Amino acid sequence: MIRIFNHYVSRTGFILLLFEILILHAAASATALLWSGAPRGTADAYLTGSLFALVNVFAMSTLGLYQQQLREDLRGSFGRIPPAFLVGFVLMSALMEVTPAVDLGHAASLAFVLGGACVLMTRVLLFTSAQSDILVERLILIGAGALARECLELAAMRDGPRRFEVVGCVPMPDEERCVPVAKVLEPGESLLTLARRHGANELVISVGDRRNGAYPLRELLDCALGGVRVTDAAAFFEREASQIRVDSLQPSYLIHGGGFDQSFLRALVKRSFDLVASAAICAATLPVMLVAALCIVLEDGGPVIFRQDRVGKHGRVFQVLKFRSMGTDAERDGKPRWACAGDPRVTRVGYWLRKLRIDELPQMFNVFRGEMSFVGPRPERSYFVEQLGREIAYYDVRHSIKPGITGLAQVRYQYGASVEDAVRKLQYDLYYVKNNSLFLDLLILIDTVQVVLSGKGAR
């Protein structure tokens, strides 16, 4: 993994992205210069090639070809490429209509065929090399308790080009063992010797209690000096799962772990992004919002906009705006309830508004008023905030920034309707609060488009 603006991305996926941008740019530039049927200047050809590459990479991203390619087989990845290039063709055709300098001439189809063939060949090479053990990271877990078991489960989930093989777990004295017996490494030699003998690249410290005298501090230092990477379990989860684990989190990790950028420059960039993204989406979806409002009125004659108090930055309460998707008597007894998948209070029109995420569109006005950001933790009701703040450690950390219309938890986790779900989503929210940047906002925006197109994801 490599870190870009505090966010971890797959080195393999990043190299794939850069390489595909280059080959798509070359395919379109060559087509514009040599086969377009009209004389083209070099500058115009390169501009056309750049936009061609960016548009098609964006289309592939929205269909999950960079997010999912690390977890899918070759056939599953290839099945998404033709639809992605079809989306790219539509977007590129629109660009050529409004920008005279961008033109592939009569050879536009050739550019897409050539670019698509190059992408297919690149991915064949990638997935073929993925079968090699060269791309396998060998790990040793220090500890054999509940935290080590969670690290084992996370390592087993990584089944793409970047794969993990857990050599085994080194148990600590007086520790309850929660890992399979076959994964336990018997003590008797130093950690550095053990790592070298098994060819381990990294040691992950998954020990819950580090205060007893059995914690191998000196041996871990020897490993670090000997060239074996030593990583804390919290950092391992942050790097590989974009999560900050709440159950095993030490306050010192948040204090000394970096991130939490709330500088003036970051605030200015984020506010600019919020306004541009919200204005663009409002302009593009205005007809959809008008139709949605009409359908709500025709169904039951009730109010179109639903207002509800939510908790924002620094605990300030504001009214969130949404298209009404429930009946007018959804909480007639006055008692707040969790919204859930298949909620019987949802109207027929509301079902489709929620499924297509249209009910969230009025929150753009909350963004314009400065109460929300486009990307951030989802705002929750005061009643649930008080409950969750008592039951979940570090829950209030998510209120150190503005809440968002979409967020990392919304694109990574399913519909949340319980305290347990709130804990799972908080792990993503803490990661975003700690590592938020324009780069991460753009990635979440692309993932949100993918979620909307697929009809899946969280709320």
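**H16.** I started with helix H16, residues 419–435. I counted its buried residues and got 14 of the 17, so H16 is largely enclosed by the rest of the structure. This is a predicted model, so I am reading everything here as a prediction. Next I checked the length of H16: at 1.5 Å a residue, its 17 residues should span 24 Å. Its end C-alpha atoms are 24 Å apart, which agrees.

**Whole chain.** I stepped back to look at the protein chain as a whole. I find 17 helices and 10 strands in it. How many of the 459 residues count as buried? The figure I have is 49%. I also looked at contacts between residues at least 6 apart in sequence, and 76% of them join residues at least 24 apart.

**H2 against H4.** Then I turned to a helix pair. What I wanted for it was the angle between the axes and the distance between them, as these describe two packed helices. H2 covers residues 42–62 and H4 covers residues 81–98. They pack at about 140 degrees, with their axes 8 Å apart. Roughly antiparallel would need an angle over 145 degrees, and H2 and H4 are therefore oblique to each other. As for handedness, I noted that H2 passes H4 in a right-handed crossing.

Which residues make the contact? From H2 I listed Thr48, Leu51, Phe52, Val55, Asn56, Phe58, Ala59 and Met60. From H4 I have Ala84, Phe85, Val87, Gly88, Leu91, Met92 and Leu95. I sorted the contact residues by type and got 12 nonpolar, 3 polar and no charged.

- I place Phe5 in the loop between strand S1 (2–4) and strand S2 (7–9).
- I found Asp174 in the loop between strand S4 (163–170) and helix H7 (191–198). At 85% relative accessibility, Asp174 goes down as exposed too.

Key:
Residues are numbered from 1 along each chain as its sequence is written. This is a predicted model: local features need pLDDT of at least 70, side-chain atom pairs count only at pLDDT 80 or more; totals for chains, interfaces and linings use all residues. Side-chain values use heavy atoms; hydrogens and water are left out. Axes are lines fitted to C-alpha atoms, for helices over the stretch in contact, and angles run from 0 to 180 degrees between N-to-C directions. Helices (H or I, at least four residues) and strands (E, at least two) are DSSP runs, numbered from the N terminus. Angles under 35 degrees count as roughly parallel, over 145 as roughly antiparallel, 65 to 115 as roughly perpendicular and the rest as oblique. A crossing is left-handed if the near helix is turned anticlockwise from the far one by less than a right angle, and right-handed if clockwise. Contact means heavy atoms within 4.5 Å. Ala, Val, Leu, Ile, Met, Phe, Trp, Tyr, Cys and Pro count as nonpolar, Asp, Glu, Lys and Arg as charged, and the others, Gly among them, as polar. The expected span of a helix is 1.5 Å times one less than its number of residues. Buried means under 20% relative accessible area, exposed over 50%, partly exposed in between (1.4 Å probe, protein chains only).
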